[in-house]
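Me: I would like to go through this model by question and answer, beginning with the strands. Could you take me through it step by step?

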Amino acid sequence: MDTLNNRDLDNQSFIELKDISVTFKSKQGIEVNAVSNFSLKIKKGEILGIIGSSGAGKSTIARNINLLEKPSQGDVYFKGEKITNYKGKNLRQIRQKMGMIYQHFNLINRATVRDNIAFNLLASNYEKDKIDLRVDQLLDLVGLKNKKNSYPSQLSGGQKQRVAIARSLSNNPEVLICDEATSALDPETAQEIVKLIKDINSKLKLTVVFITHQMEVAKDLFDRIAVMDNGKLIEVNDSYSIFANQEKEETKLLIDKVTSLKIPKTVLKNNNKAFYQITYVGEKAYLPIISNTIKTFDVDISIIHGKIEYINDKPFGILIITISGDREKEAINYLKEYTSNFTLIQGATNE
Ligand code: ADP
Ligand code: MG
């Protein structure tokens, strides 16, 4: 095989988690399977999201990647090398290649922003006289140059997370692991951090593994999404496909939080028509599907509710409609064909 193909192969499994299981023993001696038979390849340079409800095992997997926690079973590979049993210096080197940020920032409160970052550089034997230059560079990258001498208590949540990001990047890692890094922030600040992480991913060619239960964040940030439920990996696909077409019911429940439309009960109760939900994706989102249906089948269509979401800047539309007319059935068949999903959400109540 030529070298290019070899390199391609490596990039597809930059990090590989192979048949990972993690069992904890509770204080009462009861065993908890936090993760069961989890296998996943993470590609070089991608932003991979791991989503799932609370307790699904996401944080456990995050800690397995950089071996803050060793799996009970299975192996972790980094660039083709099995690192599961690394200790001492080897383990420290691996950890330096994998920065990590957390929900609650984990800054040292009695140290300035500069020192929070400098401690990390000192720990990796960075040349002392070059530390300030490096701190300035890092703060510039996260847009916090003027906060070098502030203390964490003088910063907003978003600014604290920026410091944590700067610190995590201090040793030029190849991977950034983010565990609920936006979950303690208000939505606007969360979006700013999302933007920063995208920026860093493209500027530094950094591989990002981002764990979250926040679907709004998932919508904007991820290239690919792995879905966890009850310790298992249940579905993995590109982000858009996960939002547009879920294979598993558990995934659908998560995604519905951002995509579903709520109609007041009074409207649903007093209708004499059926309500249909349409979703349309990709190129089809641009077609005038509704007006085509009306013209072709001479039906009336009322739009009860609708919105267009953008998943990684690609449109994804959701509409709730009613249809009436003699050729209603044909219109429905047409819509079924030309939309990605067509579901009866409620039949007529007054018929
Ligand atoms: P998530 O991050 O998806 O919310 P976690 O990985 O934190 O989930 O936890 C998965 C499961 O493992 C949960 O049931 C949790 O209670 C359990 N768990 C996690 N860490 C420990 C631990 N150190 N000791 C015992 N149980 C744990
Ligand atoms: Mg967690």
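Reply: Let us start with β1 and β2, which run antiparallel and are joined by eight bridges. Strands here are DSSP runs of E with at least two residues, helices are runs of H or I with at least four residues, and both are numbered from the N terminus; two strands pair if DSSP finds at least two bridges between them. This is a predicted model, in which local features need pLDDT of at least 70 and side-chain atom pairs count only at pLDDT 80 or more, whereas totals for chains, interfaces and linings use all residues. Residues are numbered from 1 along each chain as its sequence is written, chains are lettered from A and ligands numbered from 1 in the order in which they are written, and side-chain values use heavy atoms, with hydrogens and water left out.

Me: Which residue in the hairpin of β1 and β2 takes a positive phi?
Reply: Within the pairing of these two strands, Val22 stands opposite Val35 in β2. The hairpin has five residues between the strands, and the residue with a positive phi, near 85 degrees, is Gly29.

Me: What is the order of strands in the open sheet of four strands?
Reply: β1 also runs antiparallel to β4, to which five bridges join it, with Glu16 having Tyr77 as its bridge partner in β4. The strands β2 (31-42) and β5 (81-82) are at the edges, each pairing on one side only. The pairing in this sheet is antiparallel, and the order is β2-β1-β4-β5.

Me: Which residue takes a positive phi in the hairpin of β4 and β5?
Reply: Strand β4 (residues 73-78) and β5 run antiparallel and are joined by two bridges, and the bridge partner of Phe78 in β5 is Glu81. There are two residues between the strands of this hairpin, and the positive phi, near 50 degrees, belongs to Lys79.

Me: Why is one side of β6 and of β10 left without a neighbour in the sheet?
Reply: Six strands form an open sheet with mixed pairing, in the order β6-β7-β8-β3-β9-β10. One side of β6 (98-102) and of β10 (232-238) has no neighbour in the sheet because both stand at the edges, each with a single partner strand.

Me: What angle does the direction of α2 make with that of β8?
Reply: β6 is joined by five bridges to strand β7 (residues 175-179), and the two run parallel. Helix α2 packs on this sheet, touching β3 (47-51), β6, β7, β8 (207-212) and β9 (224-229), where contact means heavy atoms within 4.5 Å. Axes are lines fitted to C-alpha atoms, for helices over the stretch in contact, and angles run from 0 to 180 degrees between N-to-C directions; for α2 and β8 the angle is about 155 degrees.

Me: Which helix gives the most to the shell around ligand 1?
Reply: The shell, made of residues with a heavy atom within 4 Å of the ligand, includes Phe24, Ala34, Lys58 and Arg63. The helix that gives the most, with four residues, spans residues 58-65 and is α2.

Me: How far is an oxygen atom of ligand 1 from an N or O atom in the side chain of Lys58?
Reply: A polar side-chain atom of Ser59 lies 2.9 Å from an oxygen atom of ligand 1, and a backbone N or O atom of Ala56 lies 3.1 Å from a ligand oxygen. For the side chain of Lys58, the distance is 2.8 Å.

Definitions and conventions: A polar contact is a pair of N or O atoms within 3.5 Å; within protein, one must be able to donate a hydrogen and the other to accept it, and residues adjacent in sequence count only if both atoms are side-chain atoms.
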